[in-house]
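Open the model in your viewer and keep the sequence panel beside it.

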Amino acid sequence: MSLPQQLRDESDFDQLPNDVPVSACIADIEEKKGFIYYYMFVIEVKNKGGSKYLIYRRYRQFLTLHQILESKYFSEDPQSTPKTCILPPLPGKVYIGNKKEIAESRIPELNTYMKRLLSLPTWLLLDDAMRIFFYQTDQDSQQLPRVLRRLRPPTRKFKSEAIQPKMDLFSSPRAEVMFEFRGSGKLELSLKTGDVIFLLRRVNADWLEGTVNNQTGIFPESFVKVIKPLPEDEGGVATSASCYSCLRCYLLSASGVDTRDVCVEEDITIQPSYNELLARMREVFNMDDIALNYRDPEGDLIRILDDEDIGLMTREGRRQAHFRAQRPVNQFPWELHVTLSSDLSVYATEG
């Protein structure tokens, strides 16, 4: 018996509005790059009226939904309230491993979870948390799916490859690497002298985005010789502002100060979480035992311990931003000062 049929057997199913979701299935996963790297599940939802649409959800959103439903409808004594139900099990958190492999491995379990969840009593389908999770937001509708592997017919891949003309890569914009460059973080490409990079777009006046050896990222234009320029460069058209933003970071240690400009795909108005920034700085500086700090108007370094401290840092940075006329337009108005966790001297005022 199919899931929609199970729901139609409920006496009150016909009273539900047509926009109530009745089935959901993960069509693909997509990597998202910001302060941290994570994967989102691309989910095709079908509602009672027969319409289909895509939503994009992270695992932590599944977890939040499950916790809300548990707090509302789980009871040790089912007789104590008429609205109780046994929720399907949700796959637990995984802390160690390749993020893509973890996301892929969760797909069957999450599909089963959603199928069982949408088979529960119809009053649960009208719960606010359920409606918010399964309904398509404006942000969902604005995203363009890339592949949707699980929605494609099994034979489509082979047919498309057979009839698709071979692409002439050397008619594409490209550049030759003149000097070796070691990228910092996953956003930046590492270049080897002699490699040919196929250009995708201009990031800003000094940086380009391209692909080489099945890797895509950004790199400084000064390290390459452009063989065939991008169309906007050929026509002399000014490029729009980059979707990358730059975060200035300082690693303070006994040996001196290591300054890094970290590129992220986040708008400069965004306020990241403490955990996101800590994870990214550990990756950038390849150190685990670190602490985050910001500098207040008096010049003191203030230790950051949670999201509330992040809020103070970002608000203070915006208040002082108008004094920094030389700051690039795509650079965050606040800076991070990274120290060792055990270093208590960060509270000293800089002279």
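Start with Asn 286. Select this residue in the loop between α9 and β11 (290–295). Helices (H or I, at least four residues) and strands (E, at least two) are DSSP runs, numbered from the N terminus. Before going on, note that this is a predicted model: local features need pLDDT of at least 70, side-chain atom pairs count only at pLDDT 80 or more, and totals for chains, interfaces and linings use all residues. Residues are numbered from 1 along each chain as its sequence is written, and side-chain values use heavy atoms, with hydrogens and water left out.

**Stop 1**

Is Asn 286 buried or exposed? Asn 286 is exposed, at 70% relative accessible area. Buried means under 20% relative accessible area, exposed over 50%, and partly exposed in between (1.4 Å probe, protein chains only). Now check the backbone. Phi of Asn 286 is near 55°, a positive value in a residue other than glycine. Most residues other than glycine have a negative phi.

Step to Met 287, in the loop between α9 and β11. Met 287 is partly exposed, with a relative accessible area of 27%. What does Met 287 touch, leaving aside neighbours within four places in sequence? Met 287 is in contact with Leu 251, Arg 282 and Leu 340. Contact means heavy atoms within 4.5 Å.

**Stop 1: the whole protein**

Zoom out and colour by secondary structure. The protein has 10 helices and 13 strands. Of its 351 residues, 43% are buried. Residues 24 or more positions apart account for 59% of them.

**Stop 2: the largest pocket**

The largest pocket has a volume of about 1100 Å³. On a 1 Å grid over the protein atoms alone, a pocket is an open set of points with protein on both sides within 12 Å along at least five of seven lines, while a cavity is a set of points where a 1.4 Å probe fits but cannot get out; lining residues have an atom within 4 Å of a point. Grid points are joined across faces, edges and corners, and a volume is the space filled by probe spheres set on the points.

Which elements build the lining? β2 (37–47), α2 (59–73), α3 (99–117) and α9 each supply at least two residues. The largest share, 6 residues, comes from α9. By class, the pocket lining has 13 nonpolar, 3 polar and 10 charged residues. Ala, Val, Leu, Ile, Met, Phe, Trp, Tyr, Cys and Pro count as nonpolar, Asp, Glu, Lys and Arg as charged, and the others, Gly among them, as polar.

**Stop 3: the cavity**

The structure holds 1 cavity of 30 Å³ or more. About 40 Å³ of space lies in the largest cavity. Select its lining: Ser 184, Gly 185, Leu 187, Glu 188, Asp 261, Val 262, Cys 263, Arg 280 and Val 284. β10 (256–264) gives the most, with 3 residues.

Pick Leu 187 from that lining. Leu 187 sits in the loop between β4 (174–177) and β5 (196–202). Leu 187 is buried, at 2% relative accessible area.

**Stop 5**

Go to Ile 26, in strand β1 (residues 21–33). Ile 26 is buried, with a relative accessible area of 0%. Not counting residues up to four places away in sequence, Ile 26 touches Asn 111, Phe 41 and Arg 150, among others.

Finish on Asn 111, in helix α3. Asn 111 counts as buried, at 17% relative accessibility.Leaving aside neighbours within four places in sequence, Asn 111 is in contact with Ala 24, Cys 25 and Ile 26.
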